[in-house]
Structures are given as structure tokens and as C-alpha cells.
Amino acid sequence: MTEQMLSPIVPTPLIPRSFTTTESNKTGSWRFLKPRYDEKTAPCSAACPAGEDIARVEMLVAQGLFKEAWETILQENPFPAVCGRVCFHPCEGVCNRKEFDDAIAIHTLERFVADTAMRYGIQPDIARRPVQGPRVAVVGSGPSGLAAAYFLARLGYTCDVFEAKSEPGGILRWGIPLYRLPVNVLEWEIGRIRSLGVEIHCNHRVSSDFLRDAGDRYQAVFIGCGHHRNVDLGIPGENLDGVEEGLPFLERVRAGERPDLSGAVAIIGGGNTAVDVSRCALRLGAKPVIVYRRRRQDMPAFEHEIEMALEEGVELMELWAPLEIAPHADGYRLVLQKMEVAAEEGPRAQVRPVPGETREMVVSKVLKAIGNAAEEAWMEPPEGDGKLLRLANTALVRRDDGPVLVYGGDLAALEKSVAHAVASGKEAAMALDTYFQDGWDAIESKVSACRVGQGPSLSMEMYLGGERCRRNPHVVAFQEINTDYFLFSPRLAQPRLLKEERIQGFSEIDLKISAALALREAERCFNCGICNQCDNCRLFCPDLAVCRDDNPQGRRINYDYCKGCGVCVVECPRNAMALEQD
Amino acid sequence: MELDVLDRDYMCSGHVGCPGCGAAIAMRFLLKALGEKTMMVIPACCWSIIAGPHPQSTLKVPVLHTAFETGGAVASGIRAALDAKGDTETTVVTWAGDGGTFDIGFQALSGAVERNEDFIYVCYDNEAYMNTGVQRSSSTPYGAWTTTTPGQEWKRLRKKNIVEALVAHRIPYAATASIAFPEDLVRKVKKAKGIKGSRFLHIYASCPTGWRIPSEMAIKIARMAVQTNIFPLYEVENGVRYTINYMPKGYLVREYFKLQGRFKHLTDNDLEQIQEMVNEDWELLLRKAGVSMSAAGTVA
């Protein structure tokens with residue numbers, strides 16, 4: 001009664017007035033197609049041998065979250081600062097942005113985030129498992145061995161690394177010239193692996209006996225000692241005094257020796273070692289000439305390295321094969337045979353000699369760099385063994401009388417590259433962890449469940465059950481990107497020393513970029529298949545059926561009201577959604 | 001590239017617009033920019049239905065539903081009533097479809113803006129009488145099928161240029177906007193809100209049902225209308241100062257036409273003819289804006 005007396009007198013409206021909302025109409029019942037968030041795989045990440053989550057890394061860089069970007073790389077690769085310098089970046093070759101204007105400078109951005117972390121001495125926050133029982137020995141402290149130790153340590157295993165030389169790093173320390181990889185960068189990366197508790201025992205050469213006796217202390221041995229034995233040319237005079245092998249030459253230079261070279265120096269071979277040797281020789285005063293039996297496009301060396309070598313003044317003689325090296329008053333007389341292309345099968349052309357066409361050249365020095373092999377037979381994975389399990393970049397052998405052996409790095413990888421070595425170390429860690437936890441027979445299926453896209457790249461984040469497991473393995477194609485949301489913008493040009501400055505010494509050629517340039521470059525990224533929280537789905541929904549939410553996605557679709565029009569899916573610039581039958 | 005658009009909505013779920021309704025998206029953006037101090041007049045149009053049956057309303061601002069031809073007059077009256085109450089804060093907006101603007105409501109609109117009444121008139125244009133079953137209006141474009149221009153009797157008359165008709169009244173502000181360009185749309189609504197006198201906004205709002213397009217293409221097609229110069233984004237101040245807001249990238253009109261069922265009967269010849277008409281309109285607009293053709297990168 002009191003209430004009635006207090007309520008104000010409301011005049012009857014002259015026209016009918018609405019007093020409730022439309023929210024009681026559950027328009028979701030109209031729907032026959034259903035949108036949902038469906039993150040997919042970016043082509044770059046599937047092409048990265050180390051399976052780095054590149055689309056996400058670039059998204060984090062564009063948001064200014066440099067530490068998180070660095071940690072995202074460290075999930076999959078212990079060497080961002082190294083790979084940001086020396087990787088052959090197959091990621092950029094498949095970048096969807098290439099179809100629009102130009103690929104993202106992924107390589108440069110990887111180095112940028114790592115250098116930023118190094119400059120500020122940042123420690124990564126990456127989850128580690130508690131210590132497990134089994135111990136693993138790692139033979140060789142090159143990129144594959146260190147990567148294996150890094151991933152095994154994160155999985156909780158105690159690792160001892162044995163290195164024959166005085167310092168760790170393998171090819172990274174002794175084979176890659178300083179102008180591509182400064183030593184402080186390598187030291188910093190290795191320091192972080194050591195801080196995980198990995199013991200690196202230098203000056204500790206391991207023999208085949210070690211494998212026999214290792215069972216007392218180790219449940220597994222990772223063999224990643226690389227290819228260090230030189231391959232013979234098989235021609236007269238190749239063992240003459242002063243005819244030198246490429247890798248030991250690079251090692252001498254890297255150790256600080258500066259042999260005095262002058263005049264024409266012949267480098268025989270077409271791989272990365274040959275190119276690095278020629279560029280070092282140039283810096284030491286020589287006029288280097290690379291003698292290669294095939295053509296430039298057949299050279300196994302990375303194209304951009306060949307290009308820089310030629311730019312600096314290295315000469316390339318294509319389709320000439322050495323026949324003989326003989327002493328000469330001014331050094332050596334090199335007899336060369338003209339070759340011609342016989343067939344274009346496979347990745348490299350088949351060549352044959354052109355009868356009767358030879359030439360001679362006089363050079364002050366000959367350096368051989370035609371490839372390398374394992375130093376000793378026990379370092380190679382055994383053939384045809386019933387207990388041999390071959391994965392993409394490793395080979396595992398189970399023995400009745402000793403620890404499991406894993407052959408990795410150059411000994412078993414698909415290609416000889418630092419990124420493949422990292423992939424090999426990661427694959428080994430996953431395989432051994434699966435073996436220790438679930439047994440030998442589980443290895444293949446568990447490792448293949450961590451494939452990025454169609455593989456063979458693997459993701460440690462997926463192995464550990466992280467967010468990335470929810471990604472659809474479908475690799476996003478250019479046609480699936482809504483390019484209306486992107487404007488043409490030029491690709492970042494990697495700043496470099498001028499060629500005149502480069503050849504003065506061994507200073508690093510690639511220069512730093514500013515944060516402003518890194519942000520601009522990262523913003524060019526389509527972030528193929530992953531949500532970067534652009535919010536278009538929420539903005540354009542005619543039914544206000546996309547709501548903010550505190551789940552990891554940041555938003556959810558309210559199916560009470562979603563009519564299934566699909567506007568959100570089409571307006572998603574990066575194909576991170578799907579529309580399917582309800 | 002994140003779009004920078006205000007977060008708060010003044011509209012609810014559960015409205016009865018068709019899936020992918022461009023007019024619903026247009027209303028969302030309009031109210032984001034205007035805020036709650038808004039009174040809205042809706043003459044007969046799709047939105048008379050979308051807003052919900054009595055006693056429901058999907059909008060969080062007051063709405064007066066009114067007769068088809070009265071959009072301009074009713075808004076003038078509400079403005080006068082608010083002025084009499086001393087309320088200068090509330091913005092009065094008429095929200096009408098193309099039928100209520102181009103055809104049936106044109107007299108009241110022309111009268112109101114000639115008197116320079118202080119309100120914003122927004123026409124959300126879906127290019128036919130969609131609510132009553134897709135009958136042609138004077139906004140229906142050349143070449144379109146409707147239920148009153150069926151089969152080979154498709155509309156062979158040009159769309160009325162409503163913005164130029166309003167510009168001829170020398171009103172303080174007239175502009176076009178599109179649901180595919182929310183930042184531009186919101187900016188124009190805010191700009192209009194800050195101006196006194198009659199303001200006119202022509203918002204392109206795709207209609208999946210009437211245009212015979214898949215609902216998920218609603219925004220894409222609205223964007224293409226702008227990219228092809230079929231619906232240029234521009235604004236005119238005081239009837240003379242033209243500013244073009246979007247310069248085209250050279251898309252051809254056929255790209256826009258071939259995606260829509262309402263144009264599927266058109267031959268290559270028809271499309272060429274339409275391309276010429278669009279080029280002509282665009283060149284005329286460039287001349288008014290004082291932009292040289294080469295600077296605008298016009299499609300040859």
C-alpha cells in the first residue's frame with residue numbers, strides 16, 4: 001500500500017511505447033552455418049626447419065612485445081641470434097606477402113629480437129620440467145649437439161656435452177667467418193644453454209670405446225659430431241705442400257691467424273665452405289677464384305652468399321673441373337677441364353667433360369672445399385640394422401648392450417644447415433623423451449603429432465601440449481588472405497657495410513636495425529592463420545553476437561544470437577576463422 | 001592493421017534483420033559515434049521492422065516510428081520541441097531507407113533542409129524497397145533486377161544522385177559513407193554531430209537478401225562499390241567544398257557486378273556501358289573536387 005502511494009503518477013502515453021529489448025529473441029535458431037575461431041598454419045613456420053612460430057613472432061614484434069617474441073622463438077630454437085645471422089631463411093621464400101608486394105624480412109627481425117634481448121641482458125621465462133632420472137651424453141658441441149642438450153635440459157634430463165676442441169660451438173665457432181657471426185653472439189647463446197645446467201666438457205675427444213662404455217653413466221648418447229673429414233679430389237698434386245683444405249683454413253682464420261695471401265688463389269668447390277673461404281682469402285689480400293665443375297645455379301652454397309662474394313670481388317669460373325695441381329715457380333699450375341651440362345635431372349645438373357678442351361692457370365695457392373664426411377666410421381648411422389629408426393633429421397639405434405644412440409646434425413639431417421641441425425637436436429630430444437616415458441614403439445607417432453603443417457618441421461611447444469596444438473595443420477594460401485586490409489609497403493632493406501668497407505677486415509657485414517624499422521616491417525606481416533586481436537569479427541557483426549571474453553582468444557561467439565551470416569569469417573584478414581555446417 | 005572504432009554499442013542482439021544485414025551494421029556504427037544523447041526518427045523502412053515488434057526495441061536510444069513520407073518534418077518538430085525545453089544537447093537524427101529518402105520522403109526532406117533545420121538526416125541505402133519485397137526505387141542502380149523490374153525488364157534508368165540533390169540545397173554538410181569503411185563512417189557522423197543546421201549522410205548498406213548475394217559477402221561487396229568508384233566516398237561542406245576521401249586502385253566495375261545475383265543477366269556490352277557511366281560520374285566528381293584526372297588514377 002505504502003509503495004503505491006509513493007509511486008509517481010505516470011500519464012498514459014498518447015502512443016504505444018516499447019519498454020523491453022529484443023534480447024529475448026534467440027536469433028541463433030535461424031543459423032545453418034556456424035562461424036568459429038580456427039587458427040591455421042602459416043607457410044613460413046612450416047618451411048622453417050626449426051618450426052618457429054613465425055606468424056606469432058611477427059605479431060608480437062608489431063605489438064612491441066620484443067621479449068615475448070624472443071621467447072616464442074626460444075620455444076623452438078636455442079639460437080635466434082645465430083640463426084638471425086646465418087640462416088638461409090627458407091621462410092621468406094614461401095611468404096604469402098611475396099604474392100602481394102614483397103616477403104617479410106623474417107631473418108632480419110629474428111636477429112632484431114635476439115639482439116634486443118642481448119642488449120638488455122634479458123632472461124627468458126620458459127617453462128622447464130623437473131629433473132628426470134635418465135642422463136644423456138652429447139658428442140660434439142655444434143649446433144645439433146647444443147640444440148639436443150638445450151631441449152633435453154628443458155625436458156628435465158641431465159646432459160653432458162663432449163667437445164674435442166678447446167671451445168664449444170663446432171661449425172658456428174670454427175667454420176663461419178666473423179663477418180657473418182661475431183663470437184660474442186655465439187658466446188651469449190651458448191651461455192644461456194649452460195645456464196640450464198648443461199655441462200660442456202671441452203678438449204675431450206670421444207672414441208668409439210666411449211659408446212661401448214657409456215652405458216654405465218648414460219641412458220642415451222646423441223652423436224652430433226658433424227662432417228669434418230675432407231673429401232679427396234682424386235687428382236695428382238692435391239697433397240702438395242701448401243694445398244690446403246677449406247675448413248681448417250677457416251678455423252685458422254677464425255682463431256686469429258692472418259696468413260699473408262696475394263695474387264690469384266684458386267678455391268675448388270661450390271658449397272658454403274668454398275664461398276666463405278674465398279671471401280676470407282679476399283680479406284687477406286688475395287684475388288680469389290672459385291673453380292666449380294657445374295654452374296652457379298647448381299652451387300649448393302646459399303644464393304645470397306654467392307652474390308655478396310661476387311660483389312666483393314671474388315671471381316667464379318663455372319663448368320671447369322680440376323685435372324691436376326703441379327708445382328710452379330709462382331706457386332701452383334692448375335690444369336682445368338672444360339665441362340658441359342649433360343642432363344638437368346635432380347637438383348643439380350649432370351655434367352661431362354668437353355673432350356680436348358682444357359686450360360691452365362697459375363695461382364699462388366689452392367684451397368680445396370669440395371665437401372666433407374664423417375671423420376670415423378662409428379659416427380655414421382649403421383645401415384640396414386633392424387633396430388634403426390630413421391626420422392626426418394635423426395636416426396635412432398636401440399642396442400641390447402648399451403645406451404640408445406641418436407645420430408643427428410650433418411650425420412643424419414635432410415640438409416646441412418644450422419637450422420636443420422637445430423631441427424635434428426629437437427627431434428632427438430622429443431624421440432628420447434618419448435622413449436624414456438612411453439617406450440620405443442611410441443616414438444614415431446608421438447613425434448609426428450608435433451608436425452608443423454605437413455612437416456617435417458616439428459614444434460616443441462606442440463610436444464609440450466601448448467596453445468599451438470590447437471592450430472589447424474592447414475597451411476594458409478595467399479588467396480585465403482583478405483588483402484583489402486593491407487596496403488602496399490616496401491620491404492625493409494637490410495642495412496649492410498659497403499663492399500669497400502667489408503673487404504677491409506672481418507667486421508660484421510649486416511648492421512643493426514632500429515626498433516622503429518622493426519615495428520614497421522613486422523606490421524607488414526599478414527600473420528597468416530593466426531589471430532592478432534584485430535577485432536574485425538566483433539566490429540562487423542550485424543548481430544552483436546561476438547563478445548569480449550577472458551579466454552585466450554579474447555572473444556567468443558554468442559551462438560544464442562549468431563545468425564551464421566559469415567561476415568566475421570570473410571572480414572578476418574588472416575584466415576583465423578572457419579565457417580561450417582551447424 | 002587494427003581499425004580504430006569506439007567500443008560501446010547502443011544496440012542489442014536479437015533484432016530481426018536478415019543475416020548479414022548491412023543496415024544493421026550501419027546503425028551500429030552510427031550510434032557508436034552519436035552516443036546515447038540521441039533521438040531517432042524512423043519512417044517506414046526495413047528498420048521499422050528490424051528495431052523489433054512492440055513492446056520491444058533493439059536500440060538503447062529513443063525512437064519515434066513514423067509514416068513513410070514524414071522523416072524530414074517529424075525531425076524538425078522534435079528539434080523544435082527540444083529547443084522549447086532548452087535541450088540543446090540531444091542530437092535529432094532521421095534514419096530512413098532509400099525509398100523514404102529518394103522517393104516518398106523527398107518532399108519533407110527537401111523542405112526541412114531548405115529551412116536548414118538542425119538535425120542529421122541519414123539515408124541507409126540498400127537500393128530498393130527491400131522490406132516490402134524488393135521493388136525498385138529511384139535509388140536502384142542501372143542494370144538491376146527487382147521484382148518490379150524482372151527478367152529482361154531490368155532497370156534501364158540511372159540511380160538518382162541524392163547527395164548532389166542535397167548539395168544543391170547548400171546545406172552545411174553532406175557526405176557519403178560505407179559500412180566497409182567504419183573509421184571513415186564514424187568520423188563523418190562525429191563531424192556532422194558537431195555542425196549546426198541540416199546535415200545529410202548517405203550510407204551504403206548492402207542487402208544480401210535483395211541483392212542476391214551470400215550473406216558473408218555483405219562487407220566485401222560494400223567495399224568493392226567504393227573501390228570501383230560506383231559509390232565514391234566524399235564529403236561536401238556548405239554546398240561547395242568537396243573532399244574525396246578514398247582514391248580508387250583501378251578495380252573494374254565488372255568485379256562488383258559479377259558477384260551479385262541482381263546483375264547476373266547483364267552482358268559484357270551492358271557492363272562496358274555501365275563502366276563508362278561510372279567513369280563519367282567519377283570524372284564529374286573529380287572536377288567538382290578540383291582533382292586532376294591523372295592525380296586520381298582514373299580507370300581508362
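Modeller: In this predicted model, E571(A) reaches across to R223(B) in a salt bridge whose closest N and O atoms are 2.6 Å apart. That pair belongs to an interface of chain A and chain B in which the rule finds five salt bridges, and between these chains 28 residue pairs are in polar contact, both residues being at pLDDT 80 or more. On the side of chain A that touches chain B, α20 (536–540) and α21 (567–571) each supply at least two residues, and the largest share, four residues, comes from α20(A). Sorted by class, this side of chain A holds 17 nonpolar, twelve polar and nine charged residues.

The contact as a whole draws 38 residues from chain A and 42 residues from chain B, and the area buried between the two is about 3300 Å², with carbon and sulfur atoms giving 55% of it. Within chain A, the residues that lose the most area to chain B are D484(A), L539(A) and L544(A), which together account for 20% of what that side buries.

Over all chains the count comes to 77 salt bridges, and some of those inside chain A can be described in their surroundings. D38(A) pairs with R36(A), the closest N and O atoms being 3.6 Å apart; D38(A) counts as buried at 7% relative accessibility, whereas R36(A), at 31%, counts as partly exposed. R252(A) and E244(A) meet at 2.9 Å, N to O, and here R252(A) is partly exposed with a relative accessible area of 25%, while E244(A) is buried at 13%. A further salt bridge joins E360(A) and R333(A) at 3.0 Å, N to O. Because E360(A) lies in strand β13 (residues 350–363) of chain A and R333(A) in strand β12 (residues 331–343) of chain A, this pair ties together parts that are 27 residues apart in sequence; R333(A) itself counts as partly exposed, at 24% relative accessibility. Salt bridges that share partners also build one network, which includes R180(A), D276(A), R279(A), E305(A) and R502(A).

As for the nonpolar cores, the largest has 175 residues, and M27(B), L30(B), M40(B), W47(B), L59(B), W95(B) and Y256(B) are those with the most contacts inside it. Helix α1 (residues 22–34) of chain B gives the most to this core, with ten residues. A second, separate core of 29 residues includes I78(B), V113(B), C123(B) and A289(B).

Terms used:
Residues are numbered from 1 along each chain as its sequence is written. Chains are lettered from A and ligands numbered from 1 in the order in which they are written. This is a predicted model: local features need pLDDT of at least 70, side-chain atom pairs count only at pLDDT 80 or more; totals for chains, interfaces and linings use all residues. Side-chain values use heavy atoms; hydrogens and water are left out. Contact means heavy atoms within 4.5 Å. Buried area is the accessible area (1.4 Å probe) that two parts lose on being put together, summed over both. A salt bridge is a side-chain nitrogen of Lys or Arg within 4 Å of a carboxyl oxygen of Asp or Glu. A polar contact is a pair of N or O atoms within 3.5 Å; within protein, one must be able to donate a hydrogen and the other to accept it, and residues adjacent in sequence count only if both atoms are side-chain atoms. Ala, Val, Leu, Ile, Met, Phe, Trp, Tyr, Cys and Pro count as nonpolar, Asp, Glu, Lys and Arg as charged, and the others, Gly among them, as polar. A nonpolar core is a set of buried Ala, Val, Leu, Ile, Met, Phe, Trp, Tyr and Cys residues joined through side-chain atoms within 4.5 Å. Buried means under 20% relative accessible area, exposed over 50%, partly exposed in between (1.4 Å probe, protein chains only).
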